[in-house]
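This report is a first guide for a reader who has not seen this structure before. Please keep the sequence and the 3D view at hand while reading.

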Amino acid sequence: AAVDSAPAIVVGSGYGGAVAALRLGQAGIRTVVLEMGRLWNTAGPDGKVFCATSAPDQRSMWFRGRTEAPLASFLWLDLVNRDITPYPGVLDRVHYDNMSVYVGRGVGGGSLVNGGMAVTPLPSYFAEQFPAVDAAEMYGTYFPRARAMLGVNTVDPAWFESTDWYRFTRTSRKAAGAAGLKTTFVPNVYDFGYMQREAAGTATRSALAGEVIYGNNQGKRSLDKTYLAAALGTGNVTLHTLEKVRDITRAGDGGYLLTVDRIDTTGAVVETKQYGCTSLFLGGGSLGTTELLVRARDTGTLPDLDASVGAGWGTNGNTMVARANHVWDTVGASQSTMPVMGIDDWANTDNPVFAEIAPLPIGFETWISLYLAITKNPQRARFTYDSASGTVKLGWSAAQSAVSVAMAKKLFDRINAANATIYRYDLFGSSSKVFADDFCYHPLGGCVLGKATDAYGRVKGYSRLYVTDGSLVPGSIGVNPFVTITALAERTMARVLAEDTAP
Ligand code: FAD
């Protein structure tokens, strides 16, 4: 087959891929971005790009016959999920033994489906996780650069205190306060000025219309509107969608050869392409990048990859839980989908937890307080190549999830005790499941910085092969991760473009 060549190829268009594409394009380097998902810029039959959360259609999930929403049930009824036609929808749930991982698919990766919480980690915990990284440079240069480019902003506190749309957050804050716990505002990339216009009835509703996990039609500064728009604006970056990188090998001239399946919207492979490049930047995310490199090492196409490729994976300690409030503590029928506050008990060395106060925007009063807890779970797992099936497996066990659950339970037992409230038992499928211990939103690690790569994301054993995404983070960062992933990618690109020979 004919080989398409470019000086630089970027795999994936999430945070790590988008930063790489922009900085390469600005440096005048012709760059091709390969993204397995679609470009989300054309309206469907309802006039909207993304489908409604309450009425998901084929646009909701990645090649499914039925949606798999994180909250499967309410009062044990399967009210949330719907049968759909398989299609390259925007949200994927990747199943491994004992753990499934939600990821975004499309131009913009996770930025299309996430809650937009843009949190900079505590310097002390960042230094603990990245001892070889100059923290002063990160906090002085790369975190501010990332936040500015991502369009991070904060909710107006006066509006927050007065609006019905954040009653659910104020109710959770009150319950946390009763237990002596500290809450803190967290920034977001959703445009809060736009949100206030939604509330005033002068702008089309998106965050105030339940939109989030299947995409936001308005208001969200996803990567296609920030980094990727700027990357395309350089004139040096080309985007190829519905193209999935399957294999990477070394080319005879010292560059890289990629085998890529182009699919149509039914998922059928319509063409298998070969791409060649001098420099290869991997931004497929913790799952995508790690899978490519584990397969390359263990099938012998890149045999010199380090033994630590595949190791150091964690869930960022994620676990979801819900409490039932008293009848007088309402959470409101109207809830914004963009979280703006967390319960910050990370300084509690016995049991560090940061819990996002999450919405449950289903349009009627539920008295439910929902949380996504980030716990300091030290458990890590490894990806391995299974030659019998030709697939990459993840060795995460239920016992490893139990560590996150135990930590979250300690915190929420305290809140329940102080408020004389109880957990909800009806939200996560089975009749006794209080903690969601089988899925996560924050997959991190697999090609850890300083282990599988050098201190800047250069992959050990090869030249001009780089990792720029969440697989660099060693399994935990203590807060929602995309600001950290973006800032680390900025640091990698600054170093690589300054030091490595231009492709
Ligand atoms: P991704 O953003 O996952 O991008 C990887 C891209 O590469 C994807 O587009 C994928 O389709 C593509 N790809 C993968 N493999 C291949 C291949 N072989 N060939 C071609 N393309 C490929 N984080 C926060 O900080 N704040 C939040 O509020 C938040 N909320 C979340 C809510 C949900 C529902 C989810 C699912 C995640 C949330 N996250 C949040 C997590 C955040 O979105 C991720 O940490 C982030 O997107 C990871 O960035 P990345 O660059 O590592 O990879």
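Predicted model: local features only at pLDDT ≥ 70, side-chain atom pairs only at ≥ 80, totals over all residues.

## Helix H1

Helix H1 covers residues 15-26. At 1.5 Å a residue, its 12 residues should span 16 Å, and the end C-alpha atoms lie 17 Å apart, which agrees. After the helix comes Gly28, with a positive phi near 85°.

H1 is mostly covered, with 11 of its 12 residues buried. Among them are Tyr15, Gly16, Gly17, Arg23 and Gly25.

## Gly16, a residue of H1

Gly16 is placed in helix H1. Is this residue, Gly16, buried or exposed? Gly16 counts as buried because it has 35 C-beta neighbours inside 10 Å, and the cut-off for a buried residue is 20 or more.

Leaving aside neighbours within four places in sequence, Gly16 is in contact with Gly283, Thr468, Asp469, Gly470, Ile485 and Ala489. Gly16 and Phe482 are 466 residues apart in sequence, yet their C-alpha atoms are 9.1 Å apart in space.

## Strands around S9

Strand S9 pairs with S1 in the parallel sense through eight bridges. In this pairing, Ser5 stands opposite Gly276 of S9. Strand S8 (residues 256-263) is also joined to S9 by eight bridges, but these two strands run antiparallel. The bridge partner of Asp261 in S9 is Thr272.

S8 and S9 form a hairpin, with five residues between the two strands. In the turn, Gly267 has a positive phi of about 95°. S9 pairs as well with strand S19 (residues 465-467), in the parallel sense and over three bridges.

Strands of a sheet pair through backbone hydrogen bonds, either parallel or antiparallel. An open sheet in this model has three strands in the order S3-S4-S18, and its pairing is mixed. Its edge strands are S3 (91-96) and S18 (439-440), each of which pairs on one side only.

S3 is joined to strand S4 (residues 99-104) by six bridges, and these two strands run antiparallel. Within this pair, Val94 has Val101 of S4 as its bridge partner.

## The shell around the ligand

How many residues surround the ligand? The shell holds 39 residues, and the closest are Gly12, Gly14, Gly109, Gly110 and Gly288. The residues of the shell divide into 15 nonpolar, 20 polar and four charged.

Several elements supply at least two residues each to this shell: helices H1, H8 (285-298) and H10, and strands S2, S4 and S7 (243-250). H8 gives the most, with four residues.

## Helix H3

Helix H3 (residues 135-150) has a kink of about 30° at Tyr142, shortly before the proline Pro144. Tyr142 is also one of the buried residues of H3, along with Met138, Phe143, Ala146 and Leu150. The buried residues of H3 pack against helix H2 (123-129) and H10. Just after H3, Gly151 has a positive phi of about 75°.

## Ala207, a residue in a loop

Where does Ala207 lie? Ala207 is in the loop between helix H6 (192-200) and H7. Ala207 is buried because 28 other C-beta atoms lie within 10 Å, where 20 or more are needed.

Not counting residues up to four places away in sequence, Ala207 touches Tyr190, Met195, Glu198, Asn216, Gly219, Ser336, Thr337 and Met338. Between Ala207 and Phe160 there are 14 Å in space, C-alpha to C-alpha, and these two residues are 47 residues apart in sequence.

Technical notes
Residues numbered from 1 in each chain as written. Pairing = 2+ DSSP bridges. Expected span 1.5 Å × (residues − 1). Near = placed C-beta within 6 Å. Nonpolar A, V, L, I, M, F, W, Y, C, P; charged D, E, K, R; others polar. Bend = angle between axes of the 7 residues up to and from the residue. Contact = placed C-beta atoms within 7 Å.
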